[in-house]
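Please look over the sequence and the structure shown below before reading the report. The sections that follow take up one topic at a time.

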Amino acid sequence: MSATTINLSGPLLRAFRRFRLDGWTVGAVVVAASVATPLIAVVSIAFAPDDDIWAHLSATVLPLYIEKTLLLMLGVGAGTFVIGTGTAWLVTMCRFPGRWVFNWALLLPLAVPAYVLAFVVTDQLEYAGTLQAWLREIFGWETRQDYWFPEIRSLGGAITVMTLVLYPYVYLLSRAAFLEQSVCVLEVSRTLGKNPWQGFFSVALPLARPAIVVGVTLVLMETLNDLGTVEFFAVPTFTAGIYDVWLNMNSIAGAAQMATVMMIFVLVLIGIERFARSGQRYHHTSSKYSTLPSYRLRGVRAFFATAACTVPVILGFALPAAVLTGYALEFYEETLSADFFVYAANSLSLSAIAAVLAVLIGLFLAYGTRLGGGLVVKSAARFASIGYAVPGAILAIGVMIPLARLDSALDIFSRQAFGIPLGLLLSGTIIAVVYGYLTRFLALSYGTLEASLGKITPSMDGAARTLGCSPGMALRRVHFPLVRGSLLTAGLLVFVDCMKELPLTIILRPFNYETLATFVFQYASDELLEESALGALTIVAAGILPVILLSLTIARSRPGQGAPNAASATETEGMAP
Amino acid sequence: MSGLHLNNVSHAYDNRNPVLSGISVFVAPGELVCLLGPSGCGKTTLLRVAAGLELLQVGQVTIAEKVVAEGRDGLHVPPEKRGIGLMFQDYALFPHLNVFENVTFGLTENIPERRKWAEKALARMDLAEYAESYPHILSGGQQQRVALLRALAPEPRVLLLDEPFSGLDVTRRADVRAETLGFLKETGVATLMVTHDPEEAMFMADRILVMDQGRILQDGTPVQTYYQPQNAFVAALFGPVNRLRGKVKGNRVETPLGAFEAKNLDDGETVEILIRPEGLRLTLSGEAPEIQAGDGPQGLETGPETETRNGAASPQQPRLARALSARPLGRSSHVELAVADGQGSEIILEARVPGVFLPARGEKILLSVNPRQAHVFPVP
């Protein structure tokens with residue numbers, strides 16, 4: 001009887017039983033569905049027949065958007081690859097002055113949102129900026145016509161700015177990959193007649209390729225997400241285009257159609273990333289780790305190594321931090337009088353609410369997945385975590401539209417049932433903003449907590465259950481204490497990303513509601529960087545917290561002592577500038 | 001029927017390969033039953049099904065006369081409501097709780113007498129001074145004892161042990177086993193233990209269930225399992241065996257080592273004769289053969305089935321063999337020897353002789369077979 005009965009009772013019956021057995025599964029599916037709603041909404045609006053401006057768009061601006069977006073991605077991808085892997089190789093394999101400082105200092109630019117760096121760079125390098133004024137003084141030039149200076153607010157400028165704040169992703173992942181490589185493999189390449197450079201290109205780089213691909217993909221996703229930089233630099237990218245079509249051309253459907261095209265683009269990127277991740281570990285043929293060879297660099301080489309690591313840190317972090325600090329000290333009164341504390345309080349409370357919710361929901365989802373759940377829950381959870389890759393502008397559309405429909409439905413219901421008009425309950429409130437943050441950043445807390453729970457052996461669950469704990473009690477008495485650290489990490493990552501998040505906030509915020517990010521963006525766009533410097537500095541300061549966390553992870557990870565890769569990979573995804 | 005009863009349990013992780021096929025197990029209160037089998041034979045799955053950590057697909061699980069899982073109608077009492085203790089192979093001690101908190105984890109209500117029991121048990125297991133310590137500083141043996149006490153603290157009616165000694169050093173294993181056995185026998189709990197180590201099963205078990213590929217091949221006492229294996233798999237479980245082949249003729253098989261009984265087997269059927277290395281008796285030619293350890297227990301219960309059992313050879317004349325190599329193993333010696341097969345060729349045999357027995361290469365040896373250690377099975 002056994003074989004046939006099993007065949008008949010297969011996965012379907014089992015799935016059914018699970019559903020009946022625990023509310024965890026049902027809850028997980030509901031959560032995943034609500035997080036995925038914005039994505040579905042965007043697609044369904046795009047396919048709604050009315051208001052089709054696609055033909056118009058594709059005849060006019062679309063080719064330009066595509067061209068600029070691809071160029072931007074190409075430039076930022078290449079730039080971050082070179083800087084990221086180059087500096088990672090230097091600090092892991094070579095010894096030169098300042099190496100241990102660069103180990104963590106190279107991460108600092110992560111704390112600076114791209115739009116903040118864009119403002120600072122423009123402020124310093126444009127015609128009226130410090131550098132050009134200085135050059136005019138030295139050479140006696142009088143006007144713009146007397147000399148040539150590259151245009152800062154351009155595609156090239158955007159590529160430079162984004163490369164400088166995004167390369168740490170590639171640095172972090174390739175550094176971890178280099179550390180994981182068994183030194184023996186490199187030594188073998190030396191004994192087979194390769195010099196260090198050849199060893200790097202023929203062994204180390206190919207071995208680290210999967211990790212580097214993941215890093216560059218994350219960079220490209222962030223590039224697509226950026227709205228502040230491209231708006232300020234007037235680079236007509238896809239993201240800027242969506243914003244433009246929606247708010248200036250007033251065409252939701254057009255924006256949704258563009259968003260759908262872009263989402264397909266993003267899905268391809270996710271596919272590449274997943275593929276690279278699945279092959280992330282080549283099987284190590286040797287488990288021997290000795291101390292890394294540490295080529296000692298001297299003289300000119302040491303100088304160039306130090307310089308190569310110094311420049312990105314200075315341009316990506318030290319310069320903006322110094323400039324902003326200077327302005328903040330000089331102009332803090334203006335900033336404070338511009339309701340700085342209100343904006344700061346708004347930013348803090350929004351981010352804190354989103355962080356707490358993201359951690360709770362992420363834990364629920366991760367634990368629900370762990371409880372079994374099978375295919376249904378696992379795919380739901382995976383689907384819910386696509387949000388982190390989808391640009392904020394797209395998510396904003398997807399949040400706005402369902403909420404508006406829900407609002408009007410509630411309003412009608414309330415009028416009919418109680419005769420009380422409700423107006424807009426959800427859309428245009430901070431609920432919409434928090435919902436947007438959650439759809440985008442839930443993947444962060446979920447990923448962190450899932451990785452952390454994954455380190456707890458399933459026997460723990462079994463032991464707790466057989467000792468009389470229900471799943472909920474086991475979570476409270478066993479898992480919760482064990483992942484407490486990761487709960488904090490997850491919360492912090494979400495919190496900082498929400499502080500920095502611009503596109504979602506600027507589109508979804510209630511009327512006249514300012515956070516630090518929107519305040520800085522609007523003031524600085526109006527050439528009032530000095531007055532908003534304190535706000536920008538606050539965002540950067542908050543962004544340093546996860547950098548410290550990551551540095552600690554790096555300090556703990558040494559070759560041969562476990563894999564630093566898993567931990568840092570999870571945490572990287574969070575550091576959206 | 002109190003105790004643990006698994007009735008006709010089948011289980012599959014995917015639809016093609018059943019892990020368990022129609023298995024029935026009964027463990028009485030106070031009894032210790034060992035599931036013995038190679039890794040991947042499904043024994044851990046059976047344990048998880050009994051504990052409720054795995055959903056039952058087909059069959060029925062009863063604990064203390066209460067049905068806790070029913071394959072057909074989907075009844076599934078969750079593990080926390082079954083009153084079972086489960087000890088994991090990796091012990092699964094909670095790293096964030098100290099030893100005493102670990103042991104008392106399962107005491108949901110604050111029951112003073114059980115807490116007192118925990119204190120006493122820790123003292124008895126020489127763990128009193130570690131009560132406030134965290135698991136990671138304990139040795140493997142200490143962790144094992146904490147895990148055992150933790151599983152027993154809530155007074156489960158059924159205790160499930162998953163490879164409880166595999167994480168221990170060989171030198172510590174024997175002590176811990178004896179200690180554990182003594183402790184379990186005092187509590188009177190029905191214990192189902194999983195192991196792949198036949199010696200461990202022999203030592204611990206009241207009954208051994210030999211499992212392979214999701215089926216139970218034999219259910220018997222340790223002595224029965226060793227001396228009356230039901231098939232070649234069970235016979236070979238205790239280590240390498242000498243294998244001879246032959247054809248049945250008139251309820252007997254003729255081999256170079258003599259004739260073996262082959263009752264109830266048709267003439268012309270090919271059979272395999274398995275002889276344990278310790279079942280070969282060796283004497284240097286000239287000495288009289290003597291009774292050796294391992295000849296089989298006196299008064300071994302011979303039920304009706306053993307009457308018709310095959311394998312016991314009729315009294316035989318010692319054969320002449322030639323030593324090929326001899327190696328001392330400590331308690332016994334390992335001897336490799338060659339016997340003429342009567343067709344101009346030789347067969348190679350392995351023997352294990354108690355004490356030091358190291359004939360020189362080429363030395364003549366008289367060889368006879370302990371009839372209790374030779375088993376005849378039809379070749380499938």
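Is Asn8(B) buried, exposed or partly exposed? In this predicted model, Asn8(B) counts as partly exposed, because its relative accessibility is 34%, and the cut-offs for that class are 20% and 50%.

Asn8(B) belongs to strand β1 of chain B, which covers residues 4-12, and its phi is near 55 degrees, a positive value in a residue other than glycine. Ala92(B) is another non-glycine residue with positive phi, in this case near 50 degrees, and it sits in the loop between β7 (84-87) and α2 (99-103) of chain B. With a relative accessible area of 2%, Ala92(B) is buried, whereas Asn8(B), at 34%, is partly exposed.

## Chain B as a whole

Chain B contains nine helices and 21 strands, and its C-alpha atoms fill a box of roughly 75 × 50 × 40 Å along the principal axes. Of the 380 residues in chain B, 53% are buried. The accessible surface of this chain comes to about 17100 Å², and carbon and sulfur atoms account for 49% of that area. Among the contacts in chain B with a separation of 6 or more, 66% are made by residues 24 or more positions apart.

When residues up to four places away in sequence are left out, Ser21(B) touches Val9(B), Ser10(B), Gln213(B), Gly214(B) and Arg215(B). Its relative accessible area is 10%, and Ser21(B) is therefore classed as buried.

Strand β9 of chain B (residues 190-195) is largely enclosed by the rest of the structure, because six of its six residues are buried. Ala190(B), Leu192(B) and Val194(B) point one way from the strand, while Thr191(B), Met193(B) and Thr195(B) point the other way, and the residues of both sets are buried.

Strand β3 (residues 32-36) of chain B pairs with β9(B) in the parallel sense over five bridges, and Val33(B) stands opposite Leu192(B) in this arrangement. Strand β8 (residues 158-162) of chain B also runs parallel to β9(B) and is joined to it by five bridges, with Leu159(B) opposite Thr191(B). Between β8(B) and β9(B) the chain passes through helix α5 (residues 170-187) of chain B, in a β-α-β crossover that is right-handed.

## Helix α1 of chain B

Helix α1 (residues 43-51) of chain B is mostly covered, with seven of its nine residues buried. The buried residues are Lys43(B), Thr45(B), Leu46(B), Leu47(B), Val49(B), Ala50(B) and Ala51(B). Gly52(B) follows the helix and has a positive phi, near 90 degrees.

## Salt bridges

Side chains of opposite charge can pair when their charged atoms come close. Over all chains, a search of the whole structure finds 20 salt bridges. In one of these, the side chains of Arg440(A) and Glu501(A) meet at 3.3 Å, N to O. Arg440(A) lies in helix α19 of chain A and Glu501(A) in the loop between α22 (484-500) and α23 (503-508) of chain A, so the pair ties together parts that are 61 residues apart in sequence. Both residues of this pair, Arg440(A) and Glu501(A), are buried, and together with Glu222(A) they are linked in a network of salt bridges.

In chain B, Arg177(B) and Glu200(B) form a salt bridge at 3.5 Å, N to O. Because Arg177(B) lies in helix α5 and Glu200(B) in helix α6 (residues 198-204) of chain B, the pair ties together parts 23 residues apart in sequence; Arg177(B) and Glu200(B) are buried. Lys185(B) forms a salt bridge with Asp206(B), the closest N and O atoms being 2.7 Å apart. This pair links Lys185(B) in helix α5 of chain B to Asp206(B) in the loop between α6 and β10 (207-212), 21 residues apart. Lys185(B) counts as partly exposed, at 39% relative accessibility, and Asp206(B) is partly exposed too, with a relative accessible area of 32%.

## A nonpolar patch in chain A

Ile353(A), Leu357(A), Ile430(A) and Ile431(A) make a nonpolar surface patch of about 290 Å², to which α16 (340-370) and α19 (430-454) of chain A each supply at least two residues. Leu357(A), found in helix α16 of chain A, counts as partly exposed at 33% relative accessibility.

How values were computed: Residues are numbered from 1 along each chain as its sequence is written. Chains are lettered from A and ligands numbered from 1 in the order in which they are written. This is a predicted model: local features need pLDDT of at least 70, side-chain atom pairs count only at pLDDT 80 or more; totals for chains, interfaces and linings use all residues. Side-chain values use heavy atoms; hydrogens and water are left out. Buried means under 20% relative accessible area, exposed over 50%, partly exposed in between (1.4 Å probe, protein chains only). Contact means heavy atoms within 4.5 Å. Helices (H or I, at least four residues) and strands (E, at least two) are DSSP runs, numbered from the N terminus. Two strands pair if DSSP finds at least two bridges between them. A crossover is right-handed if, with the strands pointing away from the viewer, the path from the first strand over the helix to the second runs clockwise. Patches are made of residues with over 30% relative accessible area and no salt bridge: like charges are joined within 9 Å, nonpolar side chains (Val, Leu, Ile, Met, Phe, Trp, Tyr) within 5 Å. Accessible areas come from the Shrake-Rupley method with a 1.4 Å probe; for residues, only the protein chains shown count as cover. A salt bridge is a side-chain nitrogen of Lys or Arg within 4 Å of a carboxyl oxygen of Asp or Glu.
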